[in-house]
Amino acid sequence: MNLRISDTMMTGDHTGHTARPVPGRPHGWEVSWLPGQILDRNAAITAMLLADIASRGDLREGHRLWPHIQGWAEELGLTAPDAIARATHPPSDISHQHDPASGQPNLEAAD
């Protein structure tokens, strides 16, 4: 697994999902499988890691990586099953629809 991280984009070897900076938000990133949520750079890296791992398929409770997946998902305000389900959907265009007032992930949209 390789993530490529630059100042303008994050991509992974095994996923079509991407992360990009949010225009007008110097420290905000949006990940294609979490549209509408503004993440900081570290959370965007976590989200891309999850997407890359999820693309390998057959991840469920009992898998050797499950405890890590649970922790990474919790960092994003999600459960592990929800994170895997979302990250395995094909990417769509990032719309940059987010809650500009808080600068925080819109966790209600994750439900």
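H17 sits in the loop between β2 and β3. Keep that residue in mind. This is a predicted model, in which local features need pLDDT of at least 70, side-chain atom pairs count only at pLDDT 80 or more, and totals for chains, interfaces and linings use all residues. Residues are numbered from 1 along each chain as its sequence is written, and side-chain values use heavy atoms, with hydrogens and water left out.

Overview next. The chain has three helices and four strands. Helices (H or I, at least four residues) and strands (E, at least two) are DSSP runs, numbered from the N terminus. The order from the N terminus is β-β-β-β-α-α-α. The chain has 111 residues, and 41% of them count as buried. Buried means under 20% relative accessible area, exposed over 50%, partly exposed in between, with a 1.4 Å probe and protein chains only. Now contacts, meaning heavy atoms within 4.5 Å. Take those with a separation of 6 or more: residues 24 or more positions apart account for 53% of them.

Back to H17. Is H17 buried or exposed? H17 has 2% relative accessibility, so it counts as buried. The side chain of H17 makes a polar contact of 2.7 Å with the side chain of S32. It also reaches the backbone oxygen of H89, at 2.7 Å. A polar contact is a pair of N or O atoms within 3.5 Å; within protein, one must be able to donate a hydrogen and the other to accept it, and residues adjacent in sequence count only if both atoms are side-chain atoms. Beyond its neighbours within four places in sequence, H17 touches residues including W33, M48, A51, R86 and P90.

Now α1. Helix α1 covers residues 41-54, 14 residues in total. From first C-alpha to last, α1 reaches 20 Å, close to the 20 Å expected at 1.5 Å a residue. That expected span is 1.5 Å times one less than the number of residues. At the N-terminal end of α1, D40 is the cap: a side-chain oxygen lies 3.2 Å from the backbone nitrogen of N42. Why call α1 largely enclosed by the rest of the structure? Because eleven of its 14 residues are buried. Among them are M48, L49, L50 and D52. The cover includes all of these: β1, β2, β3, β4, α2 and α3.

On to the core. A nonpolar core is a set of buried Ala, Val, Leu, Ile, Met, Phe, Trp, Tyr and Cys residues joined through side-chain atoms within 4.5 Å. The largest one has 27 residues, and V31, W33, I69 and L76 have the most contacts inside it. At least two residues each come from β4, α1, α2 and α3. The largest share, nine residues, is from α1. V31 belongs to strand β4. V31 has 0% relative accessibility, so it is buried.

Last, helix packing. Axes are lines fitted to C-alpha atoms, for helices over the stretch in contact, and angles run from 0 to 180 degrees between N-to-C directions. The axes of α1 and α3 come within 9 Å and cross at roughly 75°. That makes the pair roughly perpendicular. By definition, under 35 degrees is roughly parallel, over 145 roughly antiparallel, 65 to 115 roughly perpendicular, and the rest oblique. L50, A51 and A54 of α1 meet A83, I84 and A87 of α3. For α2 and α3, the axes come within 8 Å and cross at roughly 85°. These two helices are therefore roughly perpendicular to each other. Here W66, I69, Q70 and A73 in α2 meet A80, P81, A83 and I84 in α3.
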